[in-house]
Amino acid sequence: MNTLTLSNSDARRLFLDRHALSEAPVGDARKKDLLQLIGRLGFVQLDSINTVARAHDLILFARRPRYRPKALKSLYEKDRALFEHWTHDAAVIPMEYYAWWQLRRQRDAEKLRKQWKSGRRGGFETQFQTILDQIRDQGPVCSSDVGAGEKRGSGGWWDWHPSKTALEYLWRSGALCVVGREGFRKRYDLTERVVDAALCNAPLSEDHQRATIDWCCAGALERLGFATPTELAAFWDHITLAEAKEWCAQELASGHLQPVQITCADGSARHSFARPDIAADPALDRQPTKRLRVLSPFDPALRDRKRAERLFGFEYRIEVFVPEAKRKYGYYVFPILQGDRVVARVDMKAFRNEDVLRVKALWPEPGLRWGKGRQADFDAELARLIRLAGVSKVEFDDGWLRL
């Protein structure tokens, strides 16, 4: 089979189209329209940091500026159209996908029981039935509602008391569901009260495992446009690299995949796989919108840092955990996308007690001008963004533009 070569420009267009970043960011962002967008992305990562807006809110806002956080909360907590679990991190996922997480829940049950026995405080397994009985009798709980009398930790993320660890284990392995959050604390309920039995009771069989691998790989490829086995396995983070490699080999042999060479931003080529009709994909002929938009550091288009660097020449590192003196840019720096290029990154924060979004510093990417036109586009994006940030004005620190 001949190998198709995609130019870097074509690869970026295809990738951005798959992530809903090619078209103009317009349209409704409620109910079925919001659910359709989340399904198109596959999932939306959750994150608690709120320097401007939380990651999940900014991800959705970047694609639908009419989006408001209460719409996601309603879809998740009231309509039960979403469930929360893990991909590469905690995420909200369309409820119709719940059965495809059965393999993940089974694997998490085995893996976490081993890991947490040695890495957490002991005794969490003895709390399983106590917690299940408490929730059955009293209704949904937060971690602060369980484990009365247990010694609390020092406040570290993973220094959990045994009942908190038990809650997380029962959620990750499927007995419990997260049904919402108070602030950013999860509330847990019995899965049988939340999820339709038809979704809960998919058989744990070899056929189901094969079907899950096929669903994961096909769904990842649909949302990536082209991918290596490593990228397919990492997308949902359910399956192993070996399973993804085997799937690619089988699909290639049956004519459902073709090899492609992706031209990277530095001119190098990367071997990947794509569907046989990729050369006729309409996205290749569609010029991405020139609308400038600020992206979350956890945006699905950029969460694979290596892929982002290969496609866009954009090297990014989240510096939240880097000591301040060693940071190259800032605590929480936002990429800026325009057209099919990442044009800059910006360090900014909403000071809600002062009613202001303060731009501390902006660094254009090497070789890109920051002229009056681009500044006007940035100002327009900030005017939209302050509504999401919950402030009414923008201020720029002295020396904010770092050329």
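## Exercises on cores, cysteines and helix packing

Cys-142 is buried, with a relative accessible area of 2%, where buried means under 20% relative accessible area, exposed over 50% and partly exposed in between, calculated with a 1.4 Å probe on protein chains only. The model is predicted, so that local features need pLDDT of at least 70 and side-chain atom pairs count only at pLDDT 80 or more, whereas totals for chains, interfaces and linings use all residues. Residues are numbered from 1 along each chain as its sequence is written, and side-chain values use heavy atoms, with hydrogens and water left out.

**Exercise 1. Determine how many disulfides the model contains, and examine Cys-142 and Cys-248.**

Step 1. A disulfide is taken to be a pair of cysteine sulfur atoms within 2.5 Å.

Step 2. For Cys-142, the closest cysteine sulfur belongs to Cys-177 and lies 15 Å away, which is too far for a bond.

Step 3. For Cys-248, the closest cysteine sulfur is that of Cys-217, at 6.1 Å, again too far for a bond; Cys-248 is buried, with a relative accessible area of 1%.

Step 4. By this rule, the count of disulfides is zero.

**Exercise 2. Describe the largest nonpolar core and the surroundings of Met-348.**

Step 1. A nonpolar core is a set of buried Ala, Val, Leu, Ile, Met, Phe, Trp, Tyr and Cys residues joined through side-chain atoms within 4.5 Å.

Step 2. The largest such core has 69 residues, and those with the most contacts inside it are Leu-176, Ile-336, Met-348, Trp-370 and Phe-378. Helix α14 (residues 372–389) gives the most to this core, with six residues; helices (H or I, at least four residues) and strands (E, at least two) are DSSP runs numbered from the N terminus.

Step 3. Contact means heavy atoms within 4.5 Å, and, once neighbours within four places in sequence are left aside, the contacts of Met-348 include Thr-51, Val-52, Phe-334, Leu-382 and Leu-385.

Step 4. A second, separate core of 55 residues includes Phe-83, Trp-215, Leu-221 and Ile-262. In soluble globular proteins, nonpolar side chains tend to be buried together.

**Exercise 3. Work out how α2 and α3 are arranged, and where the buried residues of α3 pack.**

Step 1. Helix α2 (residues 31–41) and helix α3 (residues 55–63) pack at an angle of about 105 degrees, with their axes 11 Å apart. Axes are lines fitted to C-alpha atoms, for helices over the stretch in contact, and angles run from 0 to 180 degrees between N-to-C directions.

Step 2. Angles under 35 degrees count as roughly parallel, over 145 as roughly antiparallel, 65 to 115 as roughly perpendicular and the rest as oblique; α2 and α3 are therefore roughly perpendicular to each other.

Step 3. In this packing, Leu-34, Leu-37, Ile-38 and Leu-41 of α2 meet Ile-59, Leu-60 and Arg-63 of α3. By class, this contact has six nonpolar, no polar and one charged residues, where Ala, Val, Leu, Ile, Met, Phe, Trp, Tyr, Cys and Pro count as nonpolar, Asp, Glu, Lys and Arg as charged, and the others, Gly among them, as polar.

Step 4. Nine of the nine residues of α3 are buried, among them His-56, Asp-57 and Arg-63. The buried residues pack against α2, β2 (44–45), α4, β9 (292–294), β10 (333–338) and α14.
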